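Dear colleague,

Please find below the structure that I am handing over to you. A summary of the findings follows it.

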Amino acid sequence: MDKPASRHFSVLIIDDEPQVTSELRELLENSGYRCVTSTHRESAIASFQADPNIGLVICDLYLGQDNGIRLIESLKEVAGNGRFFESKTYTVSLAGCRIED
C-alpha cells in the first residue's frame, strides 16, 4: 500500500510513556505525518520552539508529576499571537483511550 502524500504540518506527541509515543508516532507516520515525540515538559517546549511546522499537539492529560493542560497552556504562551496550532489531550486506561477537546 502506498503512503499518502506528506502533510503540510508536523505533529508533536507528548506522553511520559515511551511505548505510547512510539505507537502514536508509527500510526501517524504511516498516514504521512512527520512526528516529533517528547516524554516530558522541557523537551516538549524545546521541540515546539525548534519546529515552526508543528501544527498539531497531542498530549497525555497526566504526565507523571506534570499536567497536560498546563503544558498546552505553556505552549500557547510560547506560540504567542503569531503562531496557531490545534491541541488534543487524552487519557489511556485499561478500558481504552479517551480524547478530550
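Over the ring of which residue does the charged end of R83 sit? The answer is F48: the charged end of R83 lies 3.6 Å from the centre of that ring. Please bear in mind that the model is predicted.

The overall architecture may be described as follows. The protein has three helices and seven strands, and from the N terminus on these elements follow the order β-α-β-α-β-β-β-α-β-β. Of its 101 residues, 37% are buried.

Two aromatic pairs are present in the structure. In one of them, the ring centres of F9 and Y33 are 5.5 Å apart and the planes stand at 50 degrees, so this pair is tilted. F9 belongs to the segment before β1 (10–14), while Y33 lies in the loop between α1 (18–29) and β2 (34–38), so that the pair links parts of the chain 24 residues apart. F9 is partly exposed, with a relative accessibility of 31%.

The other pair consists of F48 and F85, whose ring centres are 5.0 Å apart; their planes are at 65 degrees, so the pair is edge-to-face. This pair also links distant parts of the chain: F48 is in helix α2 (residues 41–50) and F85 is in the loop between α3 (68–79) and β6 (86–93), 37 residues apart. Both F48 and F85 are buried.

Yours sincerely

Terms used
Residues are numbered from 1 along each chain as its sequence is written. This is a predicted model: local features need pLDDT of at least 70, side-chain atom pairs count only at pLDDT 80 or more; totals for chains, interfaces and linings use all residues. Side-chain values use heavy atoms; hydrogens and water are left out. Helices (H or I, at least four residues) and strands (E, at least two) are DSSP runs, numbered from the N terminus. Buried means under 20% relative accessible area, exposed over 50%, partly exposed in between (1.4 Å probe, protein chains only). Rings of Phe, Tyr and Trp (its six-membered ring) pair if their centres lie within 6.5 Å; planes under 30 degrees apart count as stacked, over 60 as edge-to-face and the rest as tilted. A charge sits over a ring if NZ of Lys or CZ of Arg is within 6 Å of the ring centre and within 35 degrees of the ring normal.
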